[in-house]
Amino acid sequence: GNLQVCRGQSVAFNNTSLNAPQNYLWSFPGAAITGSSDAFPVVTYNTAGTYDVQLIVANAFGADTLLLSNYITVLELPDVSVIFNPDTVCRGQAAVLTATGADLYYWNAAPSLPASNLASVTVNPTSTTSFTVTGWAQSTCTSSITRALTVLNPPTAPVISTDNASITSTAASHYLWYVNGVEIENSDAQS
């Protein structure tokens, strides 16, 4: 029968040859190692495709060959990616995480996210949190990705002081000044 494996998966071959073979010559086209003289080799397939397997056994009385044509089908792994919308949030703000690249999904439980099998989930973490999603393709092959959603703390309210000629704020990364709810033009400095 045909054996299906996922790319990167190892296969343990079971030799059931009779009459006490003394030599083994395996052939594994498409595998990480293309040949082996072990009686029970373990082989990894890193490239998707369909491949033959061949075993030649020998003892003092002769040799025999078994060729299994198209025996191994190596399936591609899903190329799972995650989109955060938005990429960064302020504490208290929600984000939608959307997984793509697979047929089915499973989100691992994390703060603000119960385990879920939806492609898109909404989260509202209180601090920077890593989220892991696993995707399935062709019902058997899986791939996982972990991404962190950055959660920023809201800024502290500025303290404003005045002197005779100017108004000054405590240090911040950005400034916009308003008078009666109307932004003052070119008011992006600390004072």
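The paragraphs below lead through the strands, cores, ring pairs, salt bridges and backbone details of this predicted model.

Because the model is predicted, local features are reported only at pLDDT of at least 70 and side-chain atom pairs only at pLDDT 80 or more, whereas totals for chains, interfaces and linings use all residues. Residues are numbered from 1 along each chain as its sequence is written, and side-chain values rest on heavy atoms, with hydrogens and water left out.

Five strands form an open sheet in the order β1-β7-β6-β3-β4, with mixed pairing; strands here are DSSP runs of E with at least two residues, numbered from the N terminus, and two of them pair if DSSP finds at least two bridges between them. Strands of a sheet pair through backbone hydrogen bonds, either parallel or antiparallel. Strand β1 runs parallel to β7 (residues 62-75), to which four bridges join it, and valine 5 stands opposite valine 74 in β7.

The nonpolar interior comes next. A nonpolar core is taken as a set of buried Ala, Val, Leu, Ile, Met, Phe, Trp, Tyr and Cys residues joined through side-chain atoms within 4.5 Å, where buried means under 20% relative accessible area, exposed means over 50%, and partly exposed lies in between (1.4 Å probe, protein chains only). In soluble globular proteins, nonpolar side chains tend to be buried together. The largest core has 18 residues, of which Leu97, Trp107, Val123, Phe131, Val133 and Leu149 touch the most other members. Two or more residues are given to this core by each of β8 (81-85), β10 (95-100), β11 (104-107), β12 (120-123), β13 (129-137) and β14 (141-152), and the largest share, three residues, comes from β10. A second, separate core of 15 residues includes Val5, Val43, Tyr51 and Ile72.

Leaving aside neighbours within four places in sequence, the contacts of phenylalanine 131 include Leu97, Trp107, Val123, Ile145, Arg147 and Leu149. Isoleucine 83, in strand β8, touches Val96, Leu97, Thr98 and Arg147 when residues up to four places away in sequence are not counted.

The search of the whole structure for aromatic pairs finds four; rings of Phe, Tyr and Trp (its six-membered ring) pair if their centres lie within 6.5 Å, and planes under 30 degrees apart count as stacked, over 60 as edge-to-face and the rest as tilted. One of the pairs is tilted, with phenylalanine 13 and tryptophan 26 at 5.6 Å centre to centre and 45° between the planes. Phenylalanine 13 lies in the loop between β2 (10-12) and β3 (23-27) and tryptophan 26 in strand β3, so this pair ties together parts that are 13 residues apart in sequence. Tryptophan 26 also pairs with phenylalanine 28, and because the planes of these rings stand at 15° with centres 5.6 Å apart, the pair is stacked. Phenylalanine 13 is buried at a relative accessible area of 9%, and tryptophan 26 is buried at 5%.

Charged side chains come next. Two salt bridges are found in the whole structure, each a side-chain nitrogen of Lys or Arg within 4 Å of a carboxyl oxygen of Asp or Glu. Arginine 7 and glutamate 76 meet at 2.5 Å, N to O, and this pair links the loop between β1 and β2 with the loop between β7 and β8, 69 residues apart. Aspartate 87 and arginine 147 meet at 3.7 Å, N to O, where aspartate 87 belongs to the loop between β8 and β9 (88-90) and arginine 147 to strand β14, 60 residues apart. The charged end of arginine 147 also sits over the ring of phenylalanine 84, 4.1 Å from its centre, the criterion being NZ of Lys or CZ of Arg within 6 Å of the ring centre and within 35 degrees of the ring normal. Arginine 147 is partly exposed at 28% relative accessibility.

The backbone has its own details. Most residues other than glycine have a negative phi, and most peptide bonds are trans. A cis peptide bond, with omega about 0°, joins asparagine 85 and proline 86. Asparagine 70 has a positive phi near 50° and is found in strand β7.

Key. Contact = heavy atoms within 4.5 Å.
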